[in-house]
Amino acid sequence: MDKNTKDSIFVSRGFLWGPSPEIYRGVSGFYDFGPMGKLVKNNLENETRKVFMKYGFFEVECPILMPEIVWKASGHLERFTDTMVKCKKCKSSFKIEDAEKKCSSCGGELTKPEEYNLMVKTKVGTDKDMFLRPETATTTYLLFPRLFQFFRKTMPIKVFQIGKAYRNEISPRQGVIRLREFTQMESQIFINTDNEMDFPEFNRIKKEKVLLLPHKLKKPVKISLEGAIKKKYLKKPAFAWCIHITEEILKKTGVKGYRFRQHAPNEMAHYADDAWDVEVKINGDWVEICGVHDRTDYDLKRHSQFSKQKMNVNKEIPHVLEISFGLERTLYALLNDSLVMDGERNLMKLPENMAPFQIGIFPLLKDKKLESLANKVNEDLSRNFRTYHDISGSIGRRYRRQDEVGTPFCITIDHQSLEDKTVTIRERDSMKQERVKISELKVNLNEKFF
Ligand SMILES: [Zn+2]
């Protein structure tokens with residue numbers, strides 16, 4: 001791989017490795033998070049979790065494997081398909097959209113197009129067919145009767161789930177943009193139709209402005225949520241509230257340059273009442289990182305029919321409003337946008353809450369006294385901050401390493417520190433340094449971060 005691409009930095013600095021398993025040449029559509037990638041992933045999950053919980057959502061976790069009947073009910077068994085062709089000679093498969101007249105690897109003749117289900121099938125026990133979930137959402141819907149009891153029969157019910165999902169993509173070729181195993185962060189509001197229109201929480205956020213691209217317009221408009229309802233770009237206050245929560249997650253996680261694009265009526269699932277994608281530009285193309293969907297009563301109605309369980313509330317099957325983030329795409333968009341390579345240095349401008357570490361701590365030289373003081377400073381600060389204590393290599397190299405993983409501040413302990421109990425703090429973006437008393441470090445850093 002070219003040493004000077006962003007992807008090569010993500011590899012060398014331990015963000016993303018793959019395809020996995022690399023030592024066996026890898027299978028496309030599977031990636032490993034290295035130590036830095038895993039820390040950013042944790043931060044992304046936690047910031048999302050915090051926003052959902054602030055708005056009254058509770059988290060659940062369901063199994064990844066589900067029996068066939070679940071996917072019959074959900075419609076995935078029948079409709080979650082792609083069309084593919086195979087090479088008669090070398091047996092390579094291609095998505096119909098990607099296929100040429102002849103096989104692109106050997107020039108062989110291609111078979112007739114066939115439908116291909118995107119779910120991954122496996123067996124449990126000796127003979128029971130199970131499917132790896134293609135989304136977390138369905139597994140959450142199945143909890144509705146339990147949730148309804150748990151929330152003491154009070155509607156609406158707000159829940160979310162963060163977890164893995166699987167799609168048997170035929171030939172994924174876009175790195176972490178199209179994966180066979182990926183992480184979703186999906187929330188649902190189970191709600192009655194009256195409540196969708198008369199939604200008190202909407203009043204608190206209705207003046208907030210968002211960038212919307214309704215399917216009838218050619219250019220996005222910046223408009224208040226209230227204005228968007230008036231203009232009929234958005235139909236329901238409860239749905240507008242979901243758009244607001246989605247935007248708050250994007251802001252909290254530092255994703256920039258996004259837009260909300262509405263699906264055209266022929267682009268939506270047949271049962272959906274409204275659907276918007278959050279899109280960001282990655283290497284010049286708009287890529288969907290999140291969907292906000294009005295799924296009507298489709299899901300609970302189907303699961304009520306297939307399971308023979310009652311799901312009515314006040315003579316009506318509740319509707320589902322859903323926010324669905326693809327974590328890897330969001331994370332990739334964030335890393336790709338944050339990494340600045342200006343020839344002088346590589347700088348990962350991650351926001352403080354997303355960076356793997358908030359503070360790097362270095363003794364200036366290999367010296368017992370400096371190392372012991374650096375140890376003490378690290379022990380103390382690590383109680384309140386995500387710190388990294390690095391003692392190896394030249395000080396310049398240590399700064400560069402932290403710049404590349406996005407650490408906003410680095411503290412250096414030098415000989416002066418032993419005499420007057422001060423250290424230097426270096427700021428990542430400006431490289432400005434200031435001297436601060438060790439006793440005032442915590443207060444000083446708290447002011448910088450919060
Ligand atoms: Zn071939």
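I began with the sheet: five strands make an open one in the order β21-β20-β22-β23-β24, with mixed pairing. Strands here are DSSP E runs of at least two residues and helices H or I runs of at least four, numbered from the N terminus; two strands pair if DSSP finds at least two bridges between them. β21 (387-389) and β24 (433-437) are the edge strands with a single partner each, so one side of each has no neighbour in the sheet. I noted an average twist of 25° from one strand to the next.

The model is predicted, so I kept in mind that local features need pLDDT of at least 70 and side-chain atom pairs 80 or more, while totals for chains, interfaces and linings use all residues. Numbering starts from 1 along each chain as its sequence is written, and side-chain values use heavy atoms, without hydrogens or water.

Next I checked β23 (residues 422-427), which pairs with β24 in the antiparallel sense over five bridges. Arg426 has Gln433 in β24 as its bridge partner.

Then I turned to the zinc ion. Its donors (N, O and S atoms within 2.8 Å of the metal, or 3.2 Å for Na, K and Ca; water is not among the atoms, so sites may look incomplete) are the SG atoms of Cys87, Cys90, Cys103 and Cys106, at 2.3 to 2.4 Å. Along the chain they follow the spacing C-x2-C-x12-C-x2-C. Cys90 sits in the loop between β5 (81-86) and β6 (93-95), and Cys106 in the loop between β6 and β7 (114-117), so this pair ties together parts 16 residues apart in sequence.

How values were computed
Axes fitted to C-alpha atoms, helices over the stretch in contact; angles between N-to-C directions.
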